[in-house]
Amino acid sequence: MLTRAAGLVAAFLAGLALVVAAVLVVRHLTEPSEPELPVVPEARRPIVESAVRTCAPLSVPLLAAQIDAESGWRPDADSGHAQGISQFSPVTWKEWGKDGDGDGKADVWEPRDAIPSQARYMCHLYEVVKVIPGSRTTVGATRLALAAYNAGPNAVLRARGIPNILETRDYVDKILKDLLPKYQESEERYQRSEAKHTSSASASPSASSSTPPSTDPSATAPGDSPSATSRP
């Protein structure tokens, strides 16, 4: 009798475990997952992070959103009148294209040249649009600088704002209303991940901390020479 009761209890517990597992699976499948976000390609991150230091208005999410809108991060993008990852026209590149990778050549097809040149040109455009009343706020100045990048600074100055060009208006809206918020969230995730990684690495004991002190009597005592000073 006891054996039969034990069997019933075991069967009940097994059934209960299956029910709980099924509930957890259903919950996992029905719960909304984190949305997929665009990210700065790993190979381009150092270039972007360096380029945004050119002037204060720039940020990694803003420059990334602009590159995404311009070329989808494709170095070989060619619209017929603009070229490369940052989509410079030949005329604009002739004035603003610079050698960024140190090979002695300013190449519009080379991201290490084009992205820093894009940043410098955007910083220039921020200065150009300062004369327009709509530039008084950060968002306003960014809207105008982006419009100037797309339509040309003269078109923005003549319009005293964003010119009535559908392509330009769609370009500005795509960056600021669609891509920028996504890249901002993506960058926050990246920075949290980096901080967590750094914290974990710093918590691990370093190899040098486990090295026993030298017992060699001929070793120079700390402070006996400049070379004994600990390095930063």
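Trainee: Which residues does Q118 touch, not counting residues up to four places away in sequence?
Mentor: This is a predicted model, to start with. In it, Q118 touches L63, Q66, I67, S86, F88 and Y149.

Trainee: And where does Q118 sit, in which helix?
Mentor: Q118 is in helix α5.

Trainee: Okay, is Q118 buried or exposed?
Mentor: Buried: the relative accessible area of Q118 is 0%, and the cut-off for buried is under 20%.

Trainee: What does its side chain make a polar contact with?
Mentor: The side chain of S86, at 2.6 Å from that of Q118.

Trainee: Switching to the nonpolar core, how many residues has the largest one?
Mentor: The largest nonpolar core has 45 residues, and V48, L58, L63, W73, I115, M122 and L146 have the most contacts inside it. Elements giving two or more residues include α2, α3, α5 and α8. The biggest contribution, eight residues, comes from α5.

Trainee: You mentioned I115. What is I115 in contact with, leaving aside neighbours within four places in sequence?
Mentor: I115 is in contact with I47, V48, A51, L63, I67, I85 and S86.

Trainee: Now α8. Where does α8 bend?
Mentor: At L179, by about 45°, and a proline, P181, follows within four residues.

Trainee: How far apart are its end C-alpha atoms?
Mentor: They are 54 Å apart, which agrees with the 56 Å that the 38 residues of α8 should span at 1.5 Å a residue.

Trainee: And what do the buried residues of α8 pack against?
Mentor: They pack against α2, α3 and α6. Among those buried residues are Y171, I175, L179 and Y183.

Methods: Residues numbered from 1 in each chain as written. Predicted model: local features only at pLDDT ≥ 70, side-chain atom pairs only at ≥ 80, totals over all residues. Heavy atoms only, no water. Core = buried A, V, L, I, M, F, W, Y, C linked by side-chain atoms within 4.5 Å. Buried < 20%, exposed > 50% of the residue type's maximum accessible area, 1.4 Å probe, protein only. Contact = heavy atoms within 4.5 Å. Expected span 1.5 Å × (residues − 1). Bend = angle between axes of the 7 residues up to and from the residue. Polar contact = N/O pair within 3.5 Å; in protein donor to acceptor, adjacent residues only side chain to side chain.
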